[in-house]
Structure formats: structure tokens, C-alpha cells
Amino acid sequence: MSIQLVPRSLQYLERVAQLGSIQAASREIGISASAIHRQIKALEDALGEMLFERSAHGMVVTPSGQMFLDLARDWRLDNTRLWSTLITQRGIEYGHIRIACMDGMVNGFALEFAREIAGRFPHVHAEITTTSPDHAVKGVLNGDYDLAAVVNAWPDDDLIVHWSRKFPLGCLAIPDHPVARMDSISLKEFVTYPIAVQSAALSIRRLMEAHHGWIFNAAVQSVQVNSIQLMKLLVLSGQFIAATSEVDAAAELHQGLLRFVPINDKDMFQQSFSVISNALIPASATTQKIIAIAVEILEHQVVAGKPAG
């Protein structure tokens, strides 16, 4: 279990800044709202500065508060570096590794990854969190995750990209759907069927809106979801089709449950997929081996199109 050196008051401040209210932070971390309020108020009184702007719409961090958030991040990174160094010095393969991935990967990459870690490193406690691409990247930068398997990660000098590939978008459909018999499909054809589409919580939606935003209004029928897993279930029902990359449905494609039909529009963008970690935190030998396993699985499942397991 990792040593926690970040002061409690800074931990509370981070959660309030992230969630926008003391009440929301209280619910998430299981501490009374009054205790969180006292900690933040004590900081503000000691500094003579407001750390949050308070309104009926919530709490927004002030410039002074942002300085404390930066301090909390640096403190956490130092905490993680210390733990990583201690583990490395011990020279044995045990510890705690925190991994972020997308919810669409739970029955493919994430499942195989968890099995491989448990089989190869029986003394390593793996904590796998499904989250949005944006939160995964922020979590890696803040030291909340040791690595992430993420789509459409933005460039950052503080990130190490261990593996990255780009994948074209296509249409997912069940094998007996009319679309599954096509060699390719255009977006104009795509919107003539009921479609399951990604919400703004997913980075692919923003890319789609930037390049082909018209499809969301032109669709004959659509259901918007913030979960790739739910989107795939809607497609598996046979009532809907969906546009995404093969990486999001590697397991279902390999099992023959879905078909992937390329979208043939010439200006269609590609979706990137990466394995990332924090460049400011030295990875232990065990973490490096686990990152290599993630890359190994992705090469096998996604690039070769042959999911393991």
C-alpha cells in the first residue's frame, strides 16, 4: 500500500475543486462536509486569501487556490516517486499499480490485462479504473494512475507514450444486419439507419463534431450514450449500428459477434490509441514489466486482430 504524504487539507481542496462543491466532495471521500469546510476555511484564514469563489452554481478555484492545487499535485508526484524508489530498492516484484482504461475495454483488453498481472505478479495489487479519456490523462499527469490505456490522448511533455497506433473509423453491426454485408459505407448511408452515438463525455464525440457534426442532426434515429460498452450492447441488440474504431470492439469482432465495415468518406479522421505514463515519476522495474504486458496484449488484440483469452 502506497504511503500518503499529501496533507489532508490539500486532498480536500483538490476534491472540492474537481467536483465543484463541498457536499459532492463529502459524498465521494466519506468525510463530513463540516470537516472539509473547516480545513479549507483554516487555510483561507491563515493565508488571508480566498481559495474558492462561492456562488449558487458551485465553487470555482481562485488564482490563489490554483497555486495550492499545483502544490498538491507536486506533493503527490513526490509521494509516488518515493514509493516507486522504495519498491525498486527492494528488488522484488510486489506493490500496488493503478491503471486507467476505457469502459469499452472491460471485456477485452482490461480483462486479459488483469489476468496477466495476476498470473505473472501474484504479489502485485492491481487497481483498474474505467474512466473517460480526459480523466485518464489528467489522472496520469496528477499521479493518480501509474499508467493508462487511452484513446485520443492530447500531447504533453510530462507524458511518456509507450505505444501508440491510429485506427480508422468504421461501422459496427451484427452479422445479419444489412450493413454487415457491405464492403464499406458512407456517412450519408450510415445516418439512414438507427444509430447509437457517443455523448460529449467521450473524446471521439468532439472529434466527430469537429469533422462531421452534421450526422448528429441527420440521423433517422439515434440514442446518445456516455459508455462505449453500452453502445456495443445497443449494436448487439440488432436495432442500432454505431461508428467507432476496431479497438473499441476488439473482443466482439474476434468472437464474431459484430462486423466492422470501413467508412469510406475520404475526410474521415482516425482515432489514436496509446499506453501512457507520467514522465516525472520513475517507473519501478515491476511497473515497466507491466507496461510491457499492456503493449504486448494490445499488439496481439488490436493490431493483429486476435484477442487473447
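The structure is a predicted model, in which local features need pLDDT of at least 70 and side-chain atom pairs count only at pLDDT 80 or more, while totals for chains, interfaces and linings use all residues. Residues are numbered from 1 along each chain as its sequence is written, and side-chain values use heavy atoms, with hydrogens and water left out.

**Overall architecture**

- The protein contains 12 helices and 11 strands; helices (H or I, at least four residues) and strands (E, at least two) are DSSP runs, numbered from the N terminus.
- The C-alpha trace spans about 70 × 55 × 30 Å along its principal axes.
- Of the contacts between residues at least 6 apart in sequence, 74% join residues at least 24 apart; a contact means heavy atoms within 4.5 Å.

**Surface and charge**

- The protein exposes about 14,900 Å², of which carbon and sulfur atoms supply 53%; accessible areas come from the Shrake-Rupley method with a 1.4 Å probe, and for residues only the protein chains shown count as cover.
- Of the 309 residues, 48% are buried, where buried means under 20% relative accessible area, exposed over 50%, and partly exposed in between (1.4 Å probe, protein chains only).
- The mean positions of the 25 positive and 31 negative charges are 3 Å apart. Lys and Arg count as positive and Asp and Glu as negative, with His and the chain ends not counted; the place of a charge is NZ of Lys, CZ of Arg, CG of Asp or CD of Glu.

**Nonpolar cores**

- A nonpolar core is a set of buried Ala, Val, Leu, Ile, Met, Phe, Trp, Tyr and Cys residues joined through side-chain atoms within 4.5 Å.
- The largest such core has 36 residues, and F109, F113, L147 and F273 touch the most other members.
- Elements that each supply at least two residues of this core include strand 3 (95–101), helix 5 (109–120) and strand 11 (270–278). Helix 12 gives the largest share, seven residues.
- Beyond its neighbours within four places in sequence, F273 has contacts that include M105, W163, V247 and L298.
- Another core, of 35 residues, lies apart from the largest one, and L169, A173, I185 and F240 are among its members.

**Selected residues**

- R205 belongs to helix 8 (residues 203–212) and is buried, with a relative accessible area of 9%.
- Leaving aside neighbours within four places in sequence, R205 is in contact with residues including V197, F216 and Q224.
- N152 lies in the loop between strand 5 and strand 6 and is buried, with a relative accessible area of 15%.
- The phi angle of N152 is near 55 degrees, a positive value in a residue other than glycine.
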